[in-house]
Amino acid sequence: MKVPIRTTANGTEYWDSEAKKVLFVPAGMRPSFEVTEKPESMLYVEVKPLTDAPLFSLEGMTATQLREYAEENNIDVPGNLKKVDAIREYIEEHLAADEE
């Protein structure tokens, strides 16, 4: 099956699902192969997570980002908390308390 994936001024690119490669056809030329338009097997399907765990994580955020997140979610972080880990723990505790 060969499906169009991108068209530019230079031509059209097609994905060959059997050979697993991209085929290029210059502009103004016809492809020498059969093109499948709107194949059912390549339609967008929404993927749902396998668990109920949240997709959002505070890990990897800087102190500034954590404070901004807290402000957006109406969480007052005390000014004496300076370390990233302490701010993250405070926010997580506050969020866990809200869930109960």
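**Ground rules.** I am working with a predicted model, in which local features need pLDDT of at least 70 and side-chain atom pairs count only at pLDDT 80 or more, while totals for chains, interfaces and linings use all residues. I number residues from 1 along each chain as its sequence is written, and my side-chain values use heavy atoms, with hydrogens and water left out.

**Entry 1: the helix pair.** I took helices (H or I, at least four residues) and strands (E, at least two) as DSSP runs, numbered from the N terminus. I looked up H1 (residues 63–72) against H2 (residues 84–99) and found an angle of about 20 degrees, with the axes 9 Å apart. For the record, axes are lines fitted to C-alpha atoms, for helices over the stretch in contact, and angles run from 0 to 180 degrees between N-to-C directions. H1 and H2 are therefore roughly parallel to each other, a label for angles under 35 degrees.

I then listed the contact residues, contact meaning heavy atoms within 4.5 Å. H1 brings Ala63, Leu66, Arg67, Tyr69 and Ala70, and H2 brings Val84, Ile87, Arg88, Ile91 and Leu95. I sorted the residues of this contact into eight nonpolar, no polar and two charged. In this scheme Ala, Val, Leu, Ile, Met, Phe, Trp, Tyr, Cys and Pro are nonpolar, Asp, Glu, Lys and Arg are charged, and the others, Gly among them, are polar.

**Entry 2: salt bridges.** A reminder to myself: side chains of opposite charge can pair when their charged atoms come close. My cut-off is a side-chain nitrogen of Lys or Arg within 4 Å of a carboxyl oxygen of Asp or Glu. The count comes to four salt bridges.

One of them pairs Glu13 with Arg6, with the closest N and O atoms 2.8 Å apart. I also checked accessibility (buried is under 20% relative accessible area, exposed over 50%, partly exposed in between; 1.4 Å probe, protein chains only). Glu13 is buried at 19%, and Arg6 is partly exposed at 47%.

**Entry 3: around Arg88.** Which residue forms a salt bridge with Arg88 at 3.9 Å? I found Glu59 there. Arg88 lies in H2 and Glu59 in the loop between strand E3 (21–26) and H1, so the pair ties together parts 29 residues apart in sequence. Arg88 is buried at 9%, whereas Glu59 is exposed at 55%.

Asp85 also forms a salt bridge with Arg88, at 3.0 Å between the closest N and O atoms. Both lie in H2, three residues apart, about one turn of the helix. Asp85 is partly exposed at 48%. Shared partners join Glu59, Asp85 and Arg88 into one network.

Terms used:
Angles under 35 degrees count as roughly parallel, over 145 as roughly antiparallel, 65 to 115 as roughly perpendicular and the rest as oblique.
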